[in-house]
Amino acid sequence: MTLNVSKLLDKAEALTLLCTRTTTHWSFIKFCFSVPLIFTSSAMCIINSITQDANEVKIPNIVINAISVLIISINNNVRSSEKYEVFKKLSEGFMVLSQEIEGNDNMTAEQYHIIMLKYENLITDLPFEDVPMKIKRNVAKSFTEANRYIPIQINGIIANHIVKKRASADLQICLDSEIV
């Protein structure tokens with residue numbers, strides 16, 4: 001493998017890991033929205049089956065319905081299910097790309113160009129703003145510590161660009177003039 005193919009493989013593997021971890025993150029968020037809906041539906045079923053008079057359970061039904069609607073509305077705004085599907089698809093795409101690169105020992109310039117186009121198309125579809133910073137840092141750190149290449153999109157988050165703050169507590173101000 002030439003150096004450029006090795007770089008591309010490292011970057012594709014880094015993005016496979018990034019997308020897989022992000023898929024897990026959004027799956028957990030999706031699960032967290034599902035559990036309260038199960039409880040509210042169960043509570044509604046229990047409350048409605050306890051009593052014969054519908055007027056007795058009118059207020060509890062309204063409250064439980066309001067909670068369910070609130071949870072559903074928040075879930076629709078967060079769009080965790082959509083994000084889960086996007087990152088799952090991208091994870092699979094980067095995995096296939098990594099396998100394609102690894103399986104091709106004698107890559108021609110034309111094959112490299114086609115694989116680069118696939119990589120660029122996947123990168124274009126990747127919503128980096130929906131990847132939690134913790135996941136970006138972990139992937140970047142694990143690949144840089146192993147002396148492997150990482151994509152430019154996660155290169156600037158590994159704290160190699162941080163400027164130290166000045167400690168203002170160490171400064172002393174001397175006032176020599178008197179207030180008149």
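**Core.** I started with the largest nonpolar core: of its 29 residues, Leu-15, Leu-18, Phe-94, Leu-97, Ile-101 and Leu-126 touch the most other members. Helices H1 (3–50), H3, H4 and H5 (133–145) each put in at least two residues of this core. H1 gives the most, with nine residues. I keep in mind that this is a predicted model.

**Leu-97.** Leaving out residues up to four places away in sequence, Leu-97 touches Ala-12, Ile-115, Lys-118, Tyr-119 and Leu-122.

**H3 against H4.** Next I looked up how these two helices pack. H3 (residues 80–103) and H4 (residues 109–125) meet at an angle of about 165 degrees, and their axes are 10 Å apart. Angles over 145 degrees count as roughly antiparallel, so H3 is roughly antiparallel to H4. I noted the crossing of H3 and H4 as left-handed. On the H3 side, the contact is made by Lys-89, Leu-90, Gly-93, Phe-94, Leu-97, Glu-100 and Ile-101. H4 brings Ile-115, Lys-118, Tyr-119, Leu-122, Ile-123 and Asp-125. I sorted the H3 and H4 contact residues by class and got eight nonpolar, one polar and four charged.

**Positive phi.** Most residues other than glycine have a negative phi, so I checked for exceptions. Arg-79 has phi near 60 degrees and sits in the loop between H2 (58–78) and H3. Its relative accessible area is 39%, so I logged Arg-79 as partly exposed. Asn-147 has phi near 55 degrees, also a positive value, and lies in the segment after H5. I logged Asn-147 as exposed, at a relative accessible area of 70%.

How values were computed:
Residues numbered from 1 in each chain as written. Predicted model: local features only at pLDDT ≥ 70, side-chain atom pairs only at ≥ 80, totals over all residues. Heavy atoms only, no water. Axes fitted to C-alpha atoms, helices over the stretch in contact; angles between N-to-C directions. Helix = DSSP H or I, 4+ residues; strand = E, 2+ residues; numbered from the N terminus. Parallel < 35°, antiparallel > 145°, perpendicular 65-115°, else oblique. Left-handed = near helix turned anticlockwise from the far one by under 90°. Contact = heavy atoms within 4.5 Å. Nonpolar A, V, L, I, M, F, W, Y, C, P; charged D, E, K, R; others polar. Core = buried A, V, L, I, M, F, W, Y, C linked by side-chain atoms within 4.5 Å. Buried < 20%, exposed > 50% of the residue type's maximum accessible area, 1.4 Å probe, protein only.
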